[in-house]
Amino acid sequence: MQTTPYSIILSGYLVSVVTSALFGTFFLLFPFEVMVGGGFTNFLQIASFFFLTGACFIFPTAMPGFAFIVYLAGKHNWHQSGFYTIGGAVNALFAHVLLWAVTGNDFNDALSLPLLSVFAGAFGGWAYYFFRRKTLRL
């Protein structure tokens with residue numbers, strides 16, 4: 001059984017959070033900005049705010065699920081891209097439930113935000129797998 005150093009796990013988590021936030025920001029804002037035509041400078045200003053806000057929400061809420069996924073992967077030696085991708089998607093839903101539980105919201109958000117988060121989480125899980133694979137030279 002191969003163990004992953006904690007520094008790679010933590011760095012990979014940051015890569016996963018940044019990737020998920022970028023993916024979510026791009027797919028949430030880009031179609032709107034293209035239809036409205038606010039210009040590229042306006043898009044960058046709005047996108048930077050959404051990215052930072054998204055990353056600040058993703059970082060604490062996705063951490064428990066991420067830790068569980070890394071634990072399962074290490075215990076059962078499941079280090080395939082599909083495991084991390086599906087784990088990231090499921091973790092995104094778990095992070096929404098955790099965020100709603102902590103903030104007291106009772107699922108008032110539109111379905112589009114959790115659905116977008118599932119895809120962003122899957123992309124973040126794949127990014128973690130790719131980062132882990134490249135840093136460990138597997």
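1. **Nonpolar core.** In this predicted model, the largest nonpolar core has 15 residues. Those with the most contacts inside it are Ile-9, Tyr-13, Phe-66, Val-70, Phe-83, Tyr-84 and Tyr-128. Four helices contribute: α1 (6-36), α2 (40-76), α3 (81-103) and α4 (112-136) each supply at least two residues of this core. Helix α2 gives the most, with six residues. As general background, nonpolar side chains in soluble globular proteins tend to be buried together.

2. **Ile-9.** Start here to trace the core. Leaving out residues up to four places away in sequence, Ile-9 touches Thr-4, Phe-66, Val-70 and Tyr-128. Of these partners, Phe-66, Val-70 and Tyr-128 are also listed among the core residues with the most contacts.

3. **Thr-19.** This residue sits in helix α1. Thr-19 counts as buried because its relative accessible area is 16%, and the cut-off is under 20%. Neighbours within four places in sequence aside, Thr-19 contacts Phe-123, Gly-124 and Ala-127.

4. **Helix α3.** The length checks out. With 23 residues at 1.5 Å a residue, α3 should span 33 Å; its end C-alpha atoms are 32 Å apart, so the two values agree. Buried residues in α3 include Phe-83, Tyr-84, Gly-87, Gly-88, Ala-89 and Trp-100. Just after the helix, Gly-104 takes a positive phi of about 85°.

5. **His-96.** Helix α3 also holds His-96. At 9% relative accessibility, His-96 is buried. Its contacts, not counting residues up to four places away in sequence, are Leu-113, Pro-114 and Ser-117.

6. **Aromatic pairs.** The whole structure contains 13 aromatic pairs. One of them joins Phe-23 and Phe-27; this pair is tilted, at 4.7 Å centre to centre and 45° between the planes. The two residues are about one helical turn apart, because they lie four residues apart in helix α1. Phe-27 is partly exposed, with a relative accessible area of 45%. Another pair, Phe-83 with Tyr-84, is edge-to-face: 5.6 Å centre to centre, 70° between the planes. Tyr-84 is buried, at 4% relative accessible area.

7. **Ring cluster.** Which residues do ring pairs link into a cluster? They are Tyr-13, Phe-59, Phe-66, Trp-78, Phe-83, Tyr-84, Tyr-128 and Tyr-129.

Note on methods
Residues are numbered from 1 along each chain as its sequence is written. This is a predicted model: local features need pLDDT of at least 70, side-chain atom pairs count only at pLDDT 80 or more; totals for chains, interfaces and linings use all residues. Side-chain values use heavy atoms; hydrogens and water are left out. A nonpolar core is a set of buried Ala, Val, Leu, Ile, Met, Phe, Trp, Tyr and Cys residues joined through side-chain atoms within 4.5 Å. Buried means under 20% relative accessible area, exposed over 50%, partly exposed in between (1.4 Å probe, protein chains only). Contact means heavy atoms within 4.5 Å. The expected span of a helix is 1.5 Å times one less than its number of residues. Rings of Phe, Tyr and Trp (its six-membered ring) pair if their centres lie within 6.5 Å; planes under 30 degrees apart count as stacked, over 60 as edge-to-face and the rest as tilted.
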